[in-house]
Number of protein chains: 2
Amino acid sequence: MPPNKPPTIYDVARHAGVSITTVSRMINTPDKVNGDTRVRILAAIDALGFVPKAEARARAMRGTGRIGVISPFFTAPSFVQRLRGIAEALSAKKFELVIYTVDSAERLKSLLSSVPLTGNLDGLIILSLPVDDADARRLVDHGLPTVLVEFPHPNLSSVEIDDVMGGRMAAQYLLKKGHRRIAFLGDTDLPEYSLHPVSQRLVGFRQGLQEAGIELPDAFVRLAPYSQEQTRKVAAELLSMPQPPTAIFVATDFQALGVLKAARQLKIQVPEQLAVVGFDDLDLAEYADLTTIHQHLDESGRLAVEILLSQIESPSRPTRHVKLPLTLIERQTA
Amino acid sequence: MPPNKPPTIYDVARHAGVSITTVSRMINTPDKVNGDTRVRILAAIDALGFVPKAEARARAMRGTGRIGVISPFFTAPSFVQRLRGIAEALSAKKFELVIYTVDSAERLKSLLSSVPLTGNLDGLIILSLPVDDADARRLVDHGLPTVLVEFPHPNLSSVEIDDVMGGRMAAQYLLKKGHRRIAFLGDTDLPEYSLHPVSQRLVGFRQGLQEAGIELPDAFVRLAPYSQEQTRKVAAELLSMPQPPTAIFVATDFQALGVLKAARQLKIQVPEQLAVVGFDDLDLAEYADLTTIHQHLDESGRLAVEILLSQIESPSRPTRHVKLPLTLIERQTA
DNA sequence: TTGAAAGCGCTAACAG
DNA sequence: CTGTTAGCGCTTTCAA
């Protein structure tokens, strides 16, 4: 007949013939306990019906071991790949990963005001979401270490992507290949709560062309919703013009696939008759043999974690703004 | 200059010029504190924004429920799509989503023994990971509602995929199309910590062929690591045989892309000279116009959440085992 | 891999 | 009324 009081690690320790340290270890980092002892302790825990007191844990623990990630609702593969980098880096350290998804401007606002207060987090990563001055101030005031990805703010650390440069790189590459009639295809999904890096890519692209004295006629700038089918349609229109482009810079890989499909259906040879350059270098770009601008998606996540953790360790450190390099990956489509 | 670390009663005590005892008393039995001191302490408390630590934690854990997801480290797109279904369903219900990724058998064991204890979770979803009797028992004993996806266990609710049936469907479809020399291509990634549904698909596939009296020669069963390039190589070998198959059932869409690539490079016409059927119906299958077995990935996540939440609400409910239907999506490759 | 011992933030005696 | 001090159950160095 076990005692009346709820069992503590001390009871478990005695029961299993080990020290309380080992029991604690068993609970928190079981892999650091010998398989043998582990079984004994597990048995003791079961036998006594032991449940750790959350309150006592909270007391004894330094931080909460929780990192929050606020991300647009992951419909686009690129978020997922960033997230993958984050998850990887985080699970290596022993942090819990809490995900908040955003699907509206209100939800973002609401998260941004509640999370720092009640989120009980050690740190926060915000993916591809706009943070205004008030938000940033609140984050700073609450002493919640935060790293922004893809949307810089002077008061918070960030990992940035140089979308303008990316667009420029695409332009330069296609020009070098001898193209003169070059079109741009981007997406129309401009939710107020999210960013639109695609616009930046267009800016850079236009710059690149201008520097070479090439026009980008309005008819060659097309937008389509972020879906394969819709993009395919728009691409087909573009390719059916009397004077169609000989190259298209598609601002996202995913849409580039739609363009390739349109070309296939119209029996247009890629890259002979049409060059296609994408952006992102998603996993699937390799399959499609898509020439594309590689941005280090996984790496951006890992880096964000690294910056965040160092900030958590020494809060006095100044904010860092890292710009990840872009690379053009030459494959078969251009 | 707000503090960086959450303030403790020590901070408050110093700030108010009293001892920690008095602060503690102020919080628990305010009437036993002098009106004068009380005011000073009160002032200090909200000057510092003091919140008792345990309480802060409790509050964070209480209001919004927490659902944990244990998933293999998401390298495969199929996990991501399941996760997407989960995230969607969960954020609608105002639940917090905590992600634990597994990259080894030890890590899985470790999570399975620590998470129920210290996770502070209201429910748990385990994706495509093997749960043995001891694990299941612990989960049940701790009263942590759990739903398994893709790996059933009698004592826990689950959402299952009928991989055997899927393999059979693929076989039947190809047979109906008149194929007789049909090959199988699966992946070799058999981490001990994860499952291998692909084997089940092969079993079903073989059954389907046998029922029609068709042989599946060993030379037509090929495995390749889960990567486009490696799969492409193996497929190329297969297609370069003296008597190559006229159809290939590729057990994962992602690898099917590799097969298609091999066919392209060898100038083998799909579907005229080679039929290809995939499995999963990932987003990218649509792009590739891949005929494939559709499993409801997003839906499996949503469903898991639904079952879990209903289990949380009424813990007495018996466990449910739902088998999601599979559908063959006919596109261009077979 | 393990244990001793020093905290963690807080409460509860016990004097004053 | 207030401060000192000894725990509470648990985590986390640091040696061994």
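I count two residues as in contact if their C-beta atoms, placed from the backbone, lie within 7 Å. The model I am reading is predicted.

**Entry 1: Arg232(B)**

I started with Arg232(B), which sits in helix α10 (residues 228-239) of chain B. Leaving out residues up to four places away in sequence, I found that Arg232(B) touches Gly258(B), Lys261(B) and Ala262(B). I also looked up Val259(B): its C-alpha lies 5.3 Å from that of Arg232(B), although 27 residues separate the two in sequence. Is Arg232(B) buried or exposed? I list Arg232(B) as buried because it has 22 C-beta neighbours inside 10 Å, and the cut-off for buried is 20 or more.

**Entry 2: chain A as a whole**

I noted 13 helices and 12 strands in chain A. The box filled by its C-alpha atoms, along the principal axes, is roughly 90 × 40 × 30 Å. Buried residues are 48% of the 334 in chain A. Of the contacts in chain A with a separation of 6 or more, 72% are between residues 24 or more positions apart.

**Entry 3: strands around β1(A)**

I took strand β1 (residues 66-72) of chain A next; five of its seven residues are buried. β1(A) pairs with β2(A) in the parallel sense, over seven bridges. β1(A) also runs parallel to strand β3 (residues 123-127) of chain A, joined to it by four bridges. Val69(A) has bridge partners in both neighbours: Ile99(A) in β2(A) and Ile125(A) in β3(A).

I then followed β2(A) across to the other chain. Strand β2 (residues 96-102) of chain A pairs with β2(B) in the antiparallel sense, over three bridges. Ile99(A), already listed as the partner of Val69(A), stands opposite Leu97(B) in β2(B).

**Entry 4: the contact between the chains**

I found 35 residues of chain B in contact with 36 residues of chain A. On the chain B side, the elements that each supply at least two residues are α4, α5 (77-92), β2 (96-102), α6 (105-118), α11 (253-265) and α12 (283-288). α6(B) has the largest share, with seven residues. By class, I recorded 16 nonpolar, nine polar and 10 charged residues on that side of chain B.

**Entry 5: the DNA strands**

Which residues come nearest to DNA strand C? Of the 20 around it, I listed Asn34(A), Ala60(A), Thr8(B), Ile9(B) and Ser24(B). The elements giving two or more residues to this surface are α2 (20-28) and α4 (54-60) of chain A, with α2 (20-28) and α4 (53-62) of chain B. α2(B) gives the most, five residues. The surface divides into eight nonpolar, nine polar and three charged residues.

For DNA strand D I noted 24 surrounding residues, the closest being Thr8(A), Ser24(A), Ala60(A), Thr21(B) and Asn34(B). Here α2 and α4 of chain A and α2 of chain B each supply at least two residues. α2(A) gives the most, six residues. By class I have nine nonpolar, nine polar and six charged residues near DNA strand D.

**Entry 6: backbone exceptions**

Most residues other than glycine have a negative phi, and most peptide bonds are trans. I therefore looked for departures from that pattern.

The peptide bond from Val270(A) to Pro271(A) is cis, with omega near 5 degrees. I placed Pro271(A) in the loop between α11 (253-265) and β9 (275-280) of chain A. In chain B, the bond from Val270(B) to Pro271(B) is cis, with omega near 5 degrees, and Pro271(B) lies in the loop between α11 and β9 (275-280) of that chain.

I logged positive phi values at Lys94(B), near 60 degrees, and at Asp289(B), near 55 degrees. Lys94(B) is in the loop between α5 and β2 of chain B. Lys94(B) counts as exposed because 9 other C-beta atoms lie within 10 Å. Asp289(B) is in the loop between α12 and β10 (291-295) of chain B. Asp289(B) has 15 C-beta neighbours inside 10 Å, so I list Asp289(B) as partly exposed.

Terms used. Residues are numbered from 1 along each chain as its sequence is written. Chains are lettered from A and ligands numbered from 1 in the order in which they are written. This is a predicted model: local features need pLDDT of at least 70, side-chain atom pairs count only at pLDDT 80 or more; totals for chains, interfaces and linings use all residues. A residue is near a molecule or strand if its C-beta atom, placed from the backbone, lies within 6 Å of it. Ala, Val, Leu, Ile, Met, Phe, Trp, Tyr, Cys and Pro count as nonpolar, Asp, Glu, Lys and Arg as charged, and the others, Gly among them, as polar. A residue is buried if 20 or more other C-beta atoms lie within 10 Å of its own, exposed if 12 or fewer, and partly exposed in between; C-beta atoms are placed from the backbone. Two strands pair if DSSP finds at least two bridges between them.
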